[in-house]
Amino acid sequence: MCNFSFAQNNYTLSGTVFEKESNETLIGVNIILPEIQKGTTTNNYGFYSITLPKGRYTLEISFLGYKTLRKEIVLDQNKKTNFALDIASEEIEEVIVRSNRNRILLKKPEMSVHKVGVKTIKEMPVVLGEVDIIKSIQLLPGITSAGEGASGFNVRGGAEDQNLILLDEATLYSSSHFFGFFSIFNADAIKNIKLYKGGIPAKYGGRVSSVLDIYQKDGNKKSIHLTGGIGLISSRLMVEGPVQKNKSSFLVAGRTSYVNMFLKASPKTKDNGLSFYDLNTKLNFNINDNNKLYFSGYFGRDSFSLVNLFKNSYGNSTFNLRWNHLYSDQLFSNLSVIYSNYNYFLNLDFIGMDWDSGIKNLHLKYDFKQYHSEDHTLRYGIGGIYYHFNPGEISPSKENSAVNLAKLEQKYAVEPSVYVEAERTLNDRLSINYGLRISSFLRMGGQHFYNYTNNQPVVFNRDLEIYEAGIVLDSTYHSKNKVVKDFYGVEPRFAISYQPDEDRAFKANYHRMYQYIHLISNTVSAAPLDVWAPSGHFIKPQIADQYAFGYFKNIQEEKYRLELETYYKTIQNRLDYRNGADLIAQKQIETILLPGRSRSYGLEISLKKNEGELKGWISYTLSKTAQQVKGNTAGETGINNGVWYDAPYDKTHDLSITGSYQLSKKWQFGANFVYQTGRAVTYPNGRFTTNISGNYEEPTNNITVPIYGNRNEFRLPAYHHLDISATYKPNKNLKRKWKGEWVFSIYNLYNRKNAAAVNFRQNQDTGINEAIRTSIFGIIPSFTYNFKF
Amino acid sequence: MRYFVFLIVILLFSSCEDVIDLPLTEGSKRLVIDANINWEKETDGNEQIIRLSETRGFYEETSVLVDADSVYISSGSDKFIFAKQTSGKHEGLYKTNSFIPEIEREYTLVVKYKGETYTATEILKGITNIKDTEQSVQNVFGKNSIRVDFNYTDPGQEENYYLSEMNSNAFLLNQYWVWRDEFIDGNDDSVFIINEDLKVGDAVTLSFYGISKEYHDYMKLLFEQVTPNGPFATTPSAVKGNCINETNPKNKPLGYFRLCQIDKETHIIK
């Protein structure tokens, strides 16, 4: 290597940064050497390493919400130094040392990334007082959702299933409770949240739009603590503490809703149920300086039951084991074994039927980070995911049921990948990050594969101009060990930063990503019973290319930060559905799919104020997302006659303003304002009637059918709301161990009836045609009591 | 999967709905062919009616009937001519008194309108019998509702498609379902209704239609458009029937030509 000749003069400083109070490791802490304008950050396990020429240095260790630490260090040999950071209390924050934090951020080629502090999220006003990570990130530029009550989120025009959601590296397949009203993350148990919208590093793959990387806390290594909260919808409790002081710790956090209790209290509703709960667990051991073990688990469930009509339950569960090993003070490694499962269960007792579907995977990966020199780091790794898809199993739930047992064939696949990525500082102004990921997808046997006439699973009926299922010729059974279809993806990643001066940077990035599994959902908002389908003979992987360009500026000594980004993204092989197709219990999923493509572009502006009594940000996004489905052969109508149509989650304008104000030690206030263009929708341009029984003299026997025009041609009314919150900390004695706070909030202060949907139908009582607006959340006041002990 | 609807969602969202005044534009006028040939069991099925109308704006309450040049159904050497009724309860509709229904026989509809010829071809489908009815009580959210089951046996080893129409003095609009026998092939099954408005003495009538796969798909899509489920509704789409404009394919008609055998049963609430 080029720096070989200097090797004997260079020494490595490495170690871990943690929180003083709890010994909890900290992710993304800046370790900066202001004299030479260089620095590094701690990785996802709190580890840092920097290699420098022999000498005397000043170190600045800084992290948002913590007191900046300054330390002189003489580097004349390889050194292991751990740093402990103190939480910044409100009165200290005013005299905070200028940290150069953002200057170093400017240097890094990383852009299109958001790091959101859990503390910030906890202070935001939210629906019914439930702290919600997914709702909070929607206040950032480029991130939206289809609307209230829609599960998941959309990043830069991506669909909900194009987000890779990781909790302690385990994939989650659904991010919401109660059909999208609340997210599944218990904020108390969360340490760090990072969202990638673009320039996605090579170590991530498998989804084409974004990565939401969430890490759970390890647990307090010094003493046992309780954290909890009591709200209107749910309550939470977390216990954390050392197993062996300073060596190992545990964390168990639970959250449960109690709508159930109210239902049970009334004799009328006691047989009904409506609840969600989740459980976060973690256990970790510091075996020695070079070896650490982590076990973590997540279990979440939603359940509904309606007396003897139906029961319904669904949720994610994950379990993983990770082993951190330092091969040297410059080579960090992590080996993970991760199991993840999403399951959906429905019992329809009134017809005597059970339905079960889901997706399971086992993920094995080995990641390395090599801190070559202060200007050069290298990441590389290998991984493999084994998938087991259960598209659905129907079984009779009682003896006299009319339902026959029907198990749709299970599907299997393996997704191996390998990547390498380098980050280099070329000179004072220029740094780059480049990487390559090679992914592949092997669809395995263990099921029957259908063959169709002309190899067409979907055929176009030219007379009626409709799509119909293809004609099955025969089917072939392949054994479970056989690779039936294989795909390979070459995914280059590139990012560059140019810094003309200390406070400004221009950045650009490009990535290509492959997604091999697809969420099959034809509803406007994805629903929990939607199933995942693997790529195969008739379903190709989705391929995204995204280019982004950004301008970043620190204003007034880093008091404000301006970020401007623009992006262009295309996705190939995005699936849409032929009309009237049965998605549920569909054993030949390929017969309902129409492949298309999507493109999106936009401009994102954000202005942040990170310091002072008044903090917050304004973000605005101007964007466009459209899809096109042309059909497979010439003369087909495709969808919308083959013309581009707006995606349902396309929001032309998206403005959010969020702020918090610290009035005194006791009182803090927060406010959010959100304004978005209404969702793209299809409205009828006429009606016709049919009279099935032929009783034409009876007008109420006429069924009025709306005639729908071009897809997504219209817009729902604009979506906006203002929310406020106040946090009161009544602590008189700071030395008291029990710390409590009250959070009062009002969601949708001016009671705007935002339309989640507008539907068209015949009034059941009058038979007259009407436009019906569904609006979900009006004004909602709430309060929560949080405590720490 | 006929009952696989988002009951939960309907329950959750029904309370947050209101009627809004939303202006809509109207597309170009098109011919609507409502040709439902119904042959009730134990009748001769000679009398049949076809309605021809034009599309209208979504909020319009009535249909505008139109005059065709000729309307007939042919099958083999038979030709059944439909004549426009100028008076009586079927005024403005097209009617024949000589139709001959036959299960699994193929029929072709021809409509000549404004110089253009529209055709559609379909097979008449038979239906199994409704065996008997049962009445029970079902608890829905603490309320006791009456449930009526109309029992039938699905013929095994063949694909069957069904349409049910529930009619009662207890509610204004008829209730419809379409389903297939994929998961109940050869089994005893029932068509049921659970309705909190049903009282002792009310009559519930099931009209049970045997239908073709194509008509099943069409009606399934049609009902999805007619009964949307808030944010979990499927993406709205055009409902394209089986009638073709032979003269000018671009000017597509709406509606369907289908032929069904029907079994009917009335249950009086006890």
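Predicted model: local features only at pLDDT ≥ 70, side-chain atom pairs only at ≥ 80, totals over all residues.
I count a residue as buried if 20 or more other C-beta atoms lie within 10 Å of its own.

**Entry: helix α2 of chain B.** I looked up α2(B) and found 14 residues, reaching 20 Å from the first C-alpha to the last, close to the 20 Å expected at 1.5 Å a residue. Is α2(B) mostly covered or mostly open? Mostly covered, I noted, with 10 of its 14 residues buried. I listed the buried ones: B:Tyr215, B:His216, B:Asp217, B:Tyr218, B:Met219, B:Lys220, B:Leu221, B:Leu222, B:Glu224 and B:Gln225. Next I checked what they pack against: from chain A there is β47 (703-708), and from chain B there are β12 (161-168), β13 (175-180), β15 (203-211) and β17.

**Entry: where the chains touch.** I found 72 residues of chain B and 77 residues of chain A in the contact. Which element gives the most to the chain B side? My helix again: α2(B), with six residues. On that side of chain B I also sorted the residues by kind, and got 34 nonpolar, 22 polar and 16 charged.

Entry: I saw β52 (residues 769-774) of chain A pair with β1(B) in the antiparallel sense, over four bridges. Within β1(B), B:Ile20 stands opposite A:Ala771.

**Entry: domains of chain A.** I noted domain 1 (4-99) and domain 2 (113-212) in chain A. Their contact takes five residues from each of domain 1 and domain 2. On the domain 1 side, I have two nonpolar, two polar and one charged.

Methods. Residues numbered from 1 in each chain as written. Chains lettered and ligands numbered in written order. Domains from an automatic or database assignment. Contact = placed C-beta atoms within 7 Å. Nonpolar A, V, L, I, M, F, W, Y, C, P; charged D, E, K, R; others polar. Helix = DSSP H or I, 4+ residues; strand = E, 2+ residues; numbered from the N terminus. Pairing = 2+ DSSP bridges. Expected span 1.5 Å × (residues − 1). Buried ≥ 20, exposed ≤ 12 C-beta atoms within 10 Å, placed from the backbone.
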